[in-house]
Amino acid sequence: MAEQDFSKKEKNYYTDIPQKCEAFFLKGSNSYDWGMKNRLARIFNPRSGKTVMLAFDHGYFQGPTTGLERVDITIKPLIPSADALMLTRGILRSVIDPSHTNAVVMRASGGPSILKELSDERIAVDMEDALRMNVSAVAVQVFIGGANETQTVNNMTRLVDMGMRYGMPVLGVTAVGTELVRDARYIGLATRILAELGVSIVKTYFVPGFEQVAAACPVPIVIAGGKKLPEKDALQMARDAINQGASGVDMGRNIFQSESPVAMIGAVRKVVHDNVSVKEAYEYYLDMKKKK
Ligand code: R5P
């Protein structure tokens, strides 16, 4: 039984200060329930409103990708610098230390390998298991215009329904098949469809005309890094994407295939969270690389 309140201090109800009801900081996310918002606030830094996600889920369809042959060796040093890790449940359980407390975005679609039709994906993680792993979002690939467009849209909407039940955000990835042109018209179509059908975050590619793509997408967009570029060019891409409305990056190869991955993720953080110029971020990269 609770003790009686014997405090001699006078009670203060601050009756002259109305309780504040502040809007949630993240684009398009104000109407969600507390749990969903809390998960999003673990992925996106509430101070900057942005995120640096580290993507190393490539093995789910292409096996031991260059730089990811030994995740336990190459990725571990980068983990403290990532706001969120984007990975598979196999790697999470086998390699990632459970005392890691930053966000986890779990790859939740899969099926075909690089040897088959890539768009033939199914849901690959049950929501109950995602909750068991305490992840902050689940990620699904959606192939708009692809051979299995409707099936992959259905994977996404089923995950959104399950996610809404448990407060789990869904990140939709716009996958571009080889037959489709990766331009603002296509990316604008795909990102908007994903947002309209309920994802909380969209991941897509940075393309010329991205500003209009971001403006027309009612939820945050994070950009994929794509194939490895010279470090300065990758930092320029991140800078341009943020300037044109991206809410962060979900970068893989441009970080873990860099000559100095730790220096590179630090430089990307400077662009995304501290709003520094490409020149400043690149100098930081060179400096950190030298110190290594
Ligand atoms: C997407 O299909 C992959 O699994 C990666 O998550 C994504 O492509 C981001 O990695 P990268 O920056 O290497 O393109």
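**Ligand site.** I started with the ligand and found 13 residues around it, of which Asp57, His58, Lys203, Gly252 and Arg253 come nearest; a residue is near a molecule if one of its heavy atoms lies within 4 Å of it. I note that this is a predicted model, in which local features need pLDDT of at least 70 and side-chain atom pairs count only at pLDDT 80 or more, while totals for chains, interfaces and linings use all residues. Residues are numbered from 1 along each chain as its sequence is written, and side-chain values use heavy atoms, with hydrogens and water left out.

I then looked up the polar contacts, that is, pairs of N or O atoms within 3.5 Å. A side-chain N or O atom of Arg253 is 2.8 Å from an oxygen atom of the ligand, a backbone N or O atom of Gly225 lies 3.0 Å from a ligand oxygen, and a side-chain N or O atom of Gln141 is 3.1 Å from a ligand oxygen. On its own the ligand has 360 Å² of accessible area, and the protein covers 96% of that; such areas come from the Shrake-Rupley method with a 1.4 Å probe.

Strand S7 (residues 170–174) pairs with S6 in the parallel sense over five bridges, and Ala139 has Leu171 as its bridge partner.

**Barrel.** I traced the order S1-S2-S3-S6-S7-S8-S9-S10, a closed barrel of eight strands with parallel pairing. The twist averages 25° from one strand to the next, with axes fitted to C-alpha atoms and angles running from 0 to 180 degrees between N-to-C directions.

Strands S1 (residues 51–55) and S10 (residues 248–251) run parallel and are joined by four bridges, and Val52 stands opposite Val249 in S10. Helix H9 (residues 231–243) packs on the sheet and touches S9 (221–224) and S10, its direction making about 140° with that of S10; contact means heavy atoms within 4.5 Å. Helix H11 (residues 261–274) also packs on the sheet, touching S1 and S10, and its direction makes about 145° with that of S1.

Terms used: Pairing = 2+ DSSP bridges. Helix = DSSP H or I, 4+ residues; strand = E, 2+ residues; numbered from the N terminus. Polar contact = N/O pair within 3.5 Å; in protein donor to acceptor, adjacent residues only side chain to side chain.
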